[in-house]
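Q: I am new to this structure and would like a close look at one part of it, followed by whatever else can be said with care about its surroundings. Please take me through it step by step.

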Amino acid sequence: MAFWNAPRAQAGHAEQACLAVLEMRAAAKALSAEWVAAGKPAFRVRYGLNTGVAIVGNMGATDKINYTMMGDNVNLASRLEGANKTYGTEAMLAEETWTQAKDAVEARELDLIKVKGKERPVRVFELLAAKGGLSPELARAREGFGNGLKLYRDRRFAEAKSCFDALSST
């Protein structure tokens, strides 16, 4: 777990978090490839990012104190990390993080998901790249996915399925 904007306010903290995840993801992929080359098992890392108010400070007992954070927004980030497994993604952002970081990163809207502890669905996005860093293929796939998602939400299920099937065959 990592956090920004505490103990001092930081401008662009959502952007910084997203860019840090992109760097960590690249480093983890490179390390995993090294492990495979050395005969070790490959691994994957998942990330969940959320932006919001949290309790931050020294917490624990007199013999063990940890400077950390807790609260509903921290729990949501953790739930998003786990939701990556269902979606086959690595880095999932809550809508508020996307709203604050969209000038610095590329993402695609994934879904509205129901997470434990929340009454309303949460709009989530997949973090793809730094701004301007999408390959032409990934940009086309993002557009196609967006088209399929719109068709699905418009309850045009057969057309949405065709759109998603076309993406899975490329």
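A: Val56 has Met69 as its bridge partner in E3, and in this predicted model that pair belongs to an antiparallel pairing of strand E2, residues 55–61, with strand E3, residues 64–70, which runs over seven bridges.

Leaving aside residues up to four places away in sequence, Thr89 is in contact with Arg44, Arg46, Asn84, Arg108, Leu110 and Glu126. With one of these, Asn84, the side chain of Thr89 also makes a polar contact, at 2.6 Å.

The cysteines deserve a separate word. A disulfide is a covalent bond between the sulfur atoms of two cysteines. A search of the whole structure for such bonds finds zero. Cys18 has a relative accessible area of 0% and is therefore buried, and Cys163, at 18% relative accessibility, counts as buried as well, since the term covers values under 20%.

Note on methods. Residues numbered from 1 in each chain as written. Predicted model: local features only at pLDDT ≥ 70, side-chain atom pairs only at ≥ 80, totals over all residues. Heavy atoms only, no water. Polar contact = N/O pair within 3.5 Å; in protein donor to acceptor, adjacent residues only side chain to side chain. Contact = heavy atoms within 4.5 Å. Disulfide = S-S within 2.5 Å. Buried < 20%, exposed > 50% of the residue type's maximum accessible area, 1.4 Å probe, protein only. Pairing = 2+ DSSP bridges. Helix = DSSP H or I, 4+ residues; strand = E, 2+ residues; numbered from the N terminus.
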